[in-house]
Amino acid sequence: MLCQNCGNEVPQESLFCPYCGAKIEQEQTPLQNNTEPVQNSTAPEDLSIKKKKRIIIGLISAIVVVALVAVFVVLIPIIRCNHYISLGEKRVKAGKYEEAVDAYNDALKIKSNNKKAINGLSKTYVNWVDDLMEKGEYDEALAKINEAVEEVGTEEVIQCQADTVVKYCDAELELGNSDLDSLSYDDARAAYEKILEINPESEDAYLGVIEVDIRNNEFESALEVAKKAYALIGGEKLNEKIDMLESGNIFASNGWVMRETCYDADHNPVYIHEYTYNIKGDTASITWKDPDGTYRDRIDLEYNDKGWETVSYSYVTSTGELNKKVIEYDGYNFSEIEYEGTSGEVDEYKDGKVNEDGKTLEWTRYNSNHDFLERRIFDYDENGHNIKQTLYTSQGDISDIYEFEFNDLGKVSKRIEHREDGYVRETVVYEYNEAGIMIKETTYDDTGKVVRTVESD
């Protein structure tokens, strides 16, 4: 290229002439013979590279943005989920179970199949239920574990439900038995019936309901429950209850005599006596009925602050008629009036002595005219059983001696009547089943011959 000022040839890309210093005017060389044009200072290749760079930068920026969005979409929920799980764990340790359940549920709202949240929720319910059981809040514990099964239903929760049902029934059974011992019969029944609502085949619960009916003298209801339960689940204990209730001689599980039926020699029922008891286990009342259940009479016993009887009873063994006795004490001495029936004339008088436990040591009996009838002295063993009664005449001679033997249930197993010289007039042997029910009474004469046998069904 030539300088337009001095005409010297200068380099193609010069801006000033190196000879004269004049500014060089750049001119584009025209195309000749299909040859490529001379490029100026900004070649098309340079423009293409810049454009590619811009595209690459844009793509990279887009990728970064997408990546950031992806991080936000993916990681943020994970972070939030882990936050709620961590919060749930802290609340469980603090015993804030309801708040912990809320935290784990918040985590599951973010990711419904999060195993850590599911396991945390399960353990929360299990710990919550265990705490409620330890506090004795059995109904709440059962309701809570049932709620957990509906909500989370894991194997751990289902197993906890099974364990809770067993513990619940055991706790209610213990509570019912305790109420039974304290004579809170309505509460005891409620406890046993709760068990049956959960486990309709619980033999212990049925036996509890039967026992409540027996102690309330509701024998027909007890028999109905026993038969229903036996038809449903069977069981030897239920069968024994049915046999006892149908026999007419009924005992509570603690040995209390609740009903006695007297039979004649032909085993026909003659009369019925039914009993109730106070919290100390002392007889509270006796009711006399005909064999068909018709009410005849009743005596409510009374006791002083030492627990000694002040109103008591006796009865005519042939008819079952009740006689009321009123007793007054002066220290360990007592005087007693016995009436014909519960409101009739005076039948006889007694005066005697008791020991510090209120057990009779001796008494002298008189008729209504104060004529001497007999005197008795009582001996006891270390268990408080009356093992001997010695009878005296008005002259002070021994007329008869009664000696008694007792079985492991504390019931009389043998009564021997003899004279002072040892001559045995009569021996009576009593037999009982495992429930303490008398099943046989055998009387022997002075030769040892059986003269009478009475067996209960």
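This is a predicted model: local features need pLDDT of at least 70, side-chain atom pairs count only at pLDDT 80 or more; totals for chains, interfaces and linings use all residues.
Student: Why are α6 and α7 called roughly antiparallel to each other?

Tutor: Helix α6, residues 185–198, and helix α7, residues 203–215, pack at an angle of about 155°, with their axes 8 Å apart. An angle over 145 degrees counts as roughly antiparallel, and therefore α6 and α7 are given that description. The way in which α6 passes α7 is a left-handed crossing.

Student: Which residues make the contact of α6 with α7?

Tutor: From α6 the contact takes Y185, A188, R189, Y192, E193, I195 and L196, while α7 brings A205, Y206, G208, V209, V212, D213 and R215. Sorted by class, the residues of this contact are 9 nonpolar, 1 polar and 4 charged.

Student: What makes α7 roughly parallel to α9?

Tutor: The axes of α7 and α9 cross at roughly 20° and come within 10 Å. Since angles under 35 degrees count as roughly parallel, α7 is therefore described as roughly parallel to α9. Here too the crossing is named by its hand, for α7 passes α9 in a left-handed crossing.

Student: Which residues of α7 and α9 make that contact?

Tutor: On the side of α7 they are E203, Y206, L207, I210, E211 and I214, and on the side of α9 they are E236, K237, L238, K241, M244 and L245. The contact of α7 with α9 has 7 nonpolar and 5 charged residues, with no polar ones.

Student: How do you know that K241 forms a salt bridge with E211?

Tutor: The closest N and O atoms of K241 and E211 are 3.8 Å apart, and a salt bridge asks for a side-chain nitrogen of Lys or Arg within 4 Å of a carboxyl oxygen of Asp or Glu, so the pair qualifies. K241 lies in helix α9, residues 236–247, and E211 in helix α7, so the pair ties together parts that are 30 residues apart in sequence.

Student: Why are K241 and E211 called buried?

Tutor: Buried means under 20% relative accessible area. K241 has a relative accessible area of 16%, and is therefore buried; E211, with 3%, is therefore buried as well.

Student: How many salt bridges does the structure hold, and what do we know of the one between D139 and K194?

Tutor: The structure holds 25 salt bridges. In the pair formed by D139 and K194, the closest N and O atoms are 2.9 Å apart. This pair links distant parts of the chain, with D139 in helix α4, residues 138–151, and K194 in helix α6, 55 residues apart.

Student: Why do D139 and K194 count as partly exposed?

Tutor: The partly exposed class lies between the buried limit of 20% and the exposed limit of 50%. D139 has 36% relative accessibility and so counts as partly exposed, and K194, at 27%, therefore counts as partly exposed too.

Student: Why is D266 called exposed, and where is it placed?

Tutor: D266 has a relative accessible area of 65% and is therefore exposed, since the class begins over 50%. Its place is in the loop between β2 and β3.

Technical notes. Residues are numbered from 1 along each chain as its sequence is written. Side-chain values use heavy atoms; hydrogens and water are left out. Axes are lines fitted to C-alpha atoms, for helices over the stretch in contact, and angles run from 0 to 180 degrees between N-to-C directions. Helices (H or I, at least four residues) and strands (E, at least two) are DSSP runs, numbered from the N terminus. Angles under 35 degrees count as roughly parallel, over 145 as roughly antiparallel, 65 to 115 as roughly perpendicular and the rest as oblique. A crossing is left-handed if the near helix is turned anticlockwise from the far one by less than a right angle, and right-handed if clockwise. Contact means heavy atoms within 4.5 Å. Ala, Val, Leu, Ile, Met, Phe, Trp, Tyr, Cys and Pro count as nonpolar, Asp, Glu, Lys and Arg as charged, and the others, Gly among them, as polar. Buried means under 20% relative accessible area, exposed over 50%, partly exposed in between (1.4 Å probe, protein chains only).
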